[in-house]
Amino acid sequence: MSPLRVSVLAYPDCFASEVFGVPDILTMAAHVAAAQGAAEPSYTTSVVSPRRRVTASGGARIDVTAVRPTDVLIVPGFELPSALDPGTALAKLMPEIAAIRAQAASGTAVVSICVGAFLLAEAGLLHGRDATTSWMYADRLAHRYPDVRLRREELVVTDRGVTTTAAFSAMYDFALRFVREHDGPRIARSTARLALLDDTRSSQAPYVDTDLLPTAGHGFSAGVMRRLDQNLAARYDLPALAREFGVSARTMLRRFGAETGRTPLAYLHSARVRRAGHLLETTDRTVAAIAADVGYRDPGTFTALFVRHTGRRPSAYRATLKERRDEEDEPPGTP
């Protein structure tokens, strides 16, 4: 079989590290495969652009070749500060968006890294599809593209030939999954060990820092969120919540969904999981007690929700955080 052609789409101000991250992992995988008897590499990689010259983040100049037929097209992310309207950034990238749309139409598998999802969505590729992006930008993606079925906690989501990933390092989760699919689990595992990558994580939820999250939504939804945050343990009652804000249940769902891209209940579940994660990290309380604190009388129901959001059972989540704290507390030079 011919090697898979993997191309990375470089564009002005894209993150340079995200241009080369996946190709570098594929290069490592090729060396691992060769050491284990593979006759030839499974992939060829290239950096392409509809422009003749590309200057990436930090002023890094990137050599590019013309966009051409490929099997996989990877779209890196770009800097998206809170003050920058995504539409302003995307308006400058119409040649890239057209190239993404054309590649997808020809049957190419398209992958975005982090906020590269905005380019895919602008090209129409995420309409009605499951997708993810960095937790930092999920609300902005949901607000601009309400027809995207956003799976906020996932690291890598593939839906009908279109793959999206979470923030920066999730490109490695994608790359390892790609190697696993094409070279097998043994090559992927060895590549992960060689690159010192964690090939067992399954969710970005443990990495969410609520102190860094921008204020989500507008006046209406922000008020609803505050109300839910202040009453995490209370029973969810949509009609009662709607009455508090002087609207019908249908209007509550419509307005909250339009501003945030999800339902109040979905927000409440994620807020409860974040609070539970904080309690698991900072206290020695039992899982059952923490479940009750965030509104779940049945620890089994809480555990199932926690696993769905974080990819780990509460006990495993706590153990992982404890190991990290122990490592951080070790004095320099500890063997």
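Reader: How many bridges join strand E7 to strand E11, and do they run parallel or antiparallel?
Author: Three bridges join E7 (residues 109–112) to E11 (residues 162–165), and the two strands run parallel. Strands pair here if DSSP finds at least two bridges between them. Strands (E, at least two residues) and helices (H or I, at least four) are DSSP runs, numbered from the N terminus.

Reader: What is the bridge partner of serine 112 in E11?
Author: Threonine 164.

Reader: What kind of model is this, and how are residues numbered?
Author: This is a predicted model, where local features need pLDDT of at least 70, side-chain atom pairs count only at pLDDT 80 or more, and totals for chains, interfaces and linings use all residues. Residues are numbered from 1 along each chain as its sequence is written, and side-chain values use heavy atoms, with hydrogens and water left out.

Reader: Back to the sheet. What is the strand order?
Author: E5-E2-E1-E6-E7-E11-E10, an open sheet of seven strands with mixed pairing. E5 (65–66) and E10 (156–159) stand at the edges with a single partner strand each, so one side of each has no neighbour in the sheet.

Reader: Which strands does helix H1 lie across?
Author: H1 (residues 16–35) lies across E1 (4–9), E2 (43–49) and E6 (72–75). Its angle to E2 is about 170°. Axes are lines fitted to C-alpha atoms, for helices over the stretch in contact, and angles run from 0 to 180 degrees between N-to-C directions.

Reader: And H3?
Author: H3 (residues 94–105) lies across E1, E2, E6 and E7, at about 150° to E6.

Reader: Which residues of H1 are buried?
Author: Ala16, Glu18, Val19, Gly21, Val22, Pro23, Ile25, Leu26, Ala29, Val32 and Ala33. Buried means under 20% relative accessible area (1.4 Å probe, protein chains only).

Reader: What covers them?
Author: The cover includes E1, E2, E4 (61–62), E6, H6 (170–183) and H7 (185–195). Contact means heavy atoms within 4.5 Å.

Reader: What follows H1?
Author: Glycine 37, with a positive phi near 105°.

Reader: New topic. How many helices and strands in the protein?
Author: 14 helices and 11 strands.

Reader: How much of the protein is buried?
Author: 46% of the 335 residues.

Reader: What does the C-alpha trace span?
Author: About 60 × 50 × 35 Å along the principal axes.

How values were computed
Buried means under 20% relative accessible area, exposed over 50%, partly exposed in between (1.4 Å probe, protein chains only).
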